[in-house]
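Subject: Handing over the structure

Dear colleague,

I am passing this structure on to you, and below it you will find notes on what turned up when I went through it. Please read them with the model open beside you.

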Amino acid sequence: MLFVLPCYLAFGRHLNLPIVGVMTTNFQDWVSHLTGNPHNPSFVPNLFLSLSQPMTFWERVMNTFVTNKVRRDLQYYMSQQSDYVKQYFNIDESIAELHKGIAAILVNSHHSIDGIGQFTQGVIEVGGLHVNEESDPLPQDLQKWMDESTHGCLLFTFGSMVRIETFPRPVLETFYKVFEKIAPVRVLMKIARKEDLIPGLPKNVLTKSWIPQVSVFKHKNTKGFITHGGLMSMQEAVYFGIPLIGIPLFGDQPKNMKIGASKKIAINLGSVENVTVDTLYDAINAILHDQTYRNNMKRISHLFKDRPMTAADTAVYWTEYVARNGFALQSPAIHLAWWQQNLLDVYAFMLVCFAAAFFVVTALMFFVLRKLIKYFRSNGSCPKKEKGSSESKKRK
């Protein structure tokens with residue numbers, strides 16, 4: 001895991017083995033210069049910004065500013081971990097030096113969802129690595145309930161970290177009103193503690209403390225997914241072609257849902273504050289009846305799955321490749337200083353050469369000009385003298 005924990009890279013030094021890093025998010029641009037991977041903020045959005053490709057001028061301005069600020073701040077805080085590396089591993093190296101032990105990076109992204117990035121051969125996209133098409137079958141009671149949902153079913157979950165039942169009462173009442181309004185369409189809702197829910201749960205809603213999400217997505221009666229926009233859940237929905245309704249809460253969720261909305265595979269409500277009876281009902285109604293979202297999701301799903309190998313096979317192959325060949329995939333840029341990676345030394349040399357050439361040419365021009373002026377002055381006086389002598393002769 002490479003998310004702001006570079007101290008663990010010391011294990012590679014300690015064991016004298018190449019490291020295969022893992023990023024559970026999109027590629028984290030603040031480690032680009034540390035891993036020798038080029039990063040161009042003109043078209044690659046920052047992980048913390050809800051931007052999609054292509055960006056407008058002002059979005060590129062903001063993206064460039066935030067990208068550089070985040071890199072500077074995180075580099076400062078991560079550099080302090082070198083003290084722990086020295087204390088517990090007796091390795092006196094900077095965090096930048098420790099990153100040179102990375103032979104390859106497996107990144108949880110795919111261009112069909114996240115857009116086009118800028119990667120070296122050592123950065124390998126394995127988005128959807130966790131999706132197992134051969135998932136366990138649904139429990140018998142849930143299978144029966146899903147089979148009977150002939151008018152369609154919506155999955156509603158905010159993952160393992162967020163408990164929907166802890167939301168403010170007005171928000172829960174809004175959910176209840178909308179779910180009752182869309183009946184006979186059913187809703188499968190993940191609730192950790194059903195006893196904490198407010199009373200009045202509609203009859204077309206089934207709550208479960210745990211839901212086999214992939215198995216639900218595979219069911220023919222699943223028509224939509226109400227989600228906070230977590231990357232793993234979004235990839236599962238894309239894999240099985242289920243349109244989304246996004247209520248992002250934090251982290252990369254706003255960005256994920258903005259990307260989904262830009263591709264018209266999702267309706268992004270923006271935040272919990274924007275959830276009203278009208279906005280949620282209209283979103284559900286569009287997902288259920290507007291074929292645009294389902295058709296676009298089928299197209300993106302095809303792109304997501306159209307690979308020479310599965311994500312799991314890709315991860316296994318390149319991990320074994322590193323075991324066989326060491327640092328063969330490592331970018332040579334990792335051994336350059338930041339000013340060398342950005343060609344500042346080359347540009348400085350070219351500037352000096354240009355300045356020197358300009359100085360020489362200017363000096364030469366002044367030299368030639370002075371010679372010409374001197375020449376014309378010296379030759380211009382002779383005709384005047386001859387003219388004066390001829391006139392005197394005429395007077396005589």
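**Backbone features in the loops**

Lys 264 lies in the loop between H11 and E9, where helices (H or I, at least four residues) and strands (E, at least two) are DSSP runs numbered from the N terminus. Before going further, please note that this is a predicted model, in which local features need pLDDT of at least 70 and side-chain atom pairs count only at pLDDT 80 or more, while totals for chains, interfaces and linings use all residues. Residues are numbered from 1 along each chain as its sequence is written, and side-chain values use heavy atoms, with hydrogens and water left out.

Although Lys 264 is not a glycine, its phi is positive, at about 55 degrees. Lys 264 counts as partly exposed because its relative accessible area is 46%; on this scale buried means under 20% relative accessible area, exposed over 50% and partly exposed in between, with a 1.4 Å probe and protein chains only. Asn 90, in the loop between H4 and H5, is likewise not a glycine and has a positive phi of about 60 degrees. With a relative accessibility of 68%, Asn 90 counts as exposed. A cis peptide bond, with omega of about 15 degrees, joins Ala 183 and Pro 184, and Pro 184 sits in the loop between helix H8 (169-181) and strand E5 (186-190). As background, most residues other than glycine have a negative phi, and most peptide bonds are trans.

Helix H3 (residues 57-79) has 23 residues and spans 33 Å from its first C-alpha to its last, close to the 33 Å expected, the expected span being 1.5 Å times one less than the number of residues. Its buried residues are Glu 59, Asn 63, Val 66, Thr 67, Val 70, Leu 74 and Met 78, and they pack against helices H2 (32-35), H4 (82-89), H5 (95-98) and H11 (253-262), contact meaning heavy atoms within 4.5 Å.

Gln 81 is placed in the loop between H3 and H4, and it counts as buried because its relative accessible area is 12%. A polar atom of the Gln 81 side chain lies 3.0 Å from the backbone oxygen of Val 4, and the side chain of Gln 81 also reaches the backbone nitrogen of Cys 7 at 3.1 Å. Leaving aside neighbours within four places in sequence, Gln 81 is in contact with Val 4, Leu 5, Pro 6, Cys 7 and Ile 95.

The axes of helix H10 (residues 231-239) and helix H13 (residues 291-305) come within 8 Å and cross at roughly 105 degrees, the axes being lines fitted to C-alpha atoms over the stretch in contact, with angles from 0 to 180 degrees between N-to-C directions. H10 is therefore roughly perpendicular to H13, a description that covers angles of 65 to 115 degrees. The contact is made by Gln 235, Ala 237, Val 238 and Tyr 239 of H10 together with Met 297, Ile 300, Ser 301, Phe 304 and Lys 305 of H13.

In H11, the buried residues are Gln 253, Lys 255, Asn 256, Met 257, Ile 259 and Gly 260. The elements they pack against include H10 and strand E7 (222-227).

Methods:
A polar contact is a pair of N or O atoms within 3.5 Å; within protein, one must be able to donate a hydrogen and the other to accept it, and residues adjacent in sequence count only if both atoms are side-chain atoms. Angles under 35 degrees count as roughly parallel, over 145 as roughly antiparallel, 65 to 115 as roughly perpendicular and the rest as oblique.
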